Amino acid sequence: MKILVVDDHALVRAGLCQVLQGLDSMETTQVLEAADCTHAFVLAGTHPDLDLVLLDYHLPDMNGLAALDVFGKRHPELPVVILSGSANPSIAQRALECGAAGFITKSGLSDELLHALRQILNGEVYAPAEFLPTRHTQQRTAEVKAPVFTPRQQEVLQLLLGGYSNRDISEQLSLSDETVKNHVTSILRGFGVKTRTQAALEAERWGYGRSATVGR
């Protein structure tokens, strides 16, 4: 497993590197470090096998949300988790709406961090309960017509929600890479989002569950 930690404080990066070793008992977690977004983007480009990015909200060269947008455009399948020193629900909500796979405060315990990251690596979106959309927001969402997908798109969506990559989906459903890409694009368009993480969040809001088995 390979994780990129982006934080301008060396002590924070060192602490996270140590905690992350407890993420997977079966293998050693390789942690890459970047003190700013410029270096982070270079590392993400040279390490296409990254599994996760932990991104500090306050960075010297770019706001966390702006950096999240860059990651989303360049690496739409890469989960990005926002780390923040402040427990601000409005910031958390904005981060999730912009495609973050999770929002985690630095004041939490190590076990809580590992629990959240395991959920995210399993294809879920994580945020503390107090940071989830309010009932008012959910009611407004319910007033909008739910997206409609073809049976094949629904199969692709279920695998997408299961954390499968486009290549995995192609193999599972015996489809070409280009066809899967087109289906994923249609799904993103249907939800009105730009990234797979945002699609997962919208799917959860609309009640799209994961099937136990999908494929032929």
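Guide: A helix here is a DSSP run of H or I with at least four residues, and a strand is a run of E with at least two. By that count, this predicted model has 10 helices and five strands in its chain.

Visitor: What makes strand S1 largely enclosed by the rest of the structure?

Guide: A residue is called buried when its relative accessible area is under 20%. Five of the five residues of S1, residues 2-6, fall in that class, so the strand is largely enclosed. Lys 2, Leu 4 and Val 6 point one way, Ile 3 and Val 5 point the other way, and all are buried. For the chain of 216 residues, the buried share is 46%.

Visitor: How do you know that S1 is joined to strand S2?

Guide: Strands pair if DSSP finds at least two bridges between them. S1 and S2 (residues 30-34) have five bridges and run parallel, so they meet the cut-off of two. Leu 4 has Leu 32 as its bridge partner in S2.

Visitor: How do you know that S1 is joined to strand S3?

Guide: Four bridges join S1 to S3 (residues 52-56), again in parallel, so this is a pair by the rule of at least two bridges. In S3, Leu 55 stands opposite Val 6.

Visitor: Why is a set of residues called a nonpolar core?

Guide: The members must be buried, be of listed kinds such as Val, Leu, Ile and Phe, and be joined through side-chain atoms within 4.5 Å. The largest such core has 27 residues, and Leu 4, Val 6, Val 53, Leu 55, Phe 71 and Ile 82 touch the most other members. Elements giving two or more residues to this core include S1, S2, S3, helix H3 (64-74) and strand S4 (80-84). A second, separate core has 22 residues, among them Leu 161, Ile 169, Val 180 and Ile 187.

Visitor: Which residues is Leu 4 in contact with, leaving aside neighbours within four places in sequence?

Guide: Among them are Leu 32, Ala 40, Leu 43, Val 53 and Phe 71. Each counts as a contact because heavy atoms lie within 4.5 Å.

Visitor: What makes a residue part of the lining of a pocket?

Guide: A lining residue has an atom within 4 Å of a point of the pocket. For the largest pocket, 23 residues line the space, and Glu 77, Pro 79, Leu 121, Gly 123 and Gly 163 lie nearest its centre. The space in this pocket is about 500 Å³. Helix H10 (196-206) is one of the helices that supply at least two residues of the lining; H10 gives the most, with three residues.

Definitions and conventions: Residues numbered from 1 in each chain as written. Predicted model: local features only at pLDDT ≥ 70, side-chain atom pairs only at ≥ 80, totals over all residues. Heavy atoms only, no water. Buried < 20%, exposed > 50% of the residue type's maximum accessible area, 1.4 Å probe, protein only. 1 Å grid on protein atoms, 1.4 Å probe; cavity = no way out; pocket = protein on both sides within 12 Å on 5 of 7 lines; lining within 4 Å. Points joined across faces, edges and corners; volume = space filled by probe spheres on them.
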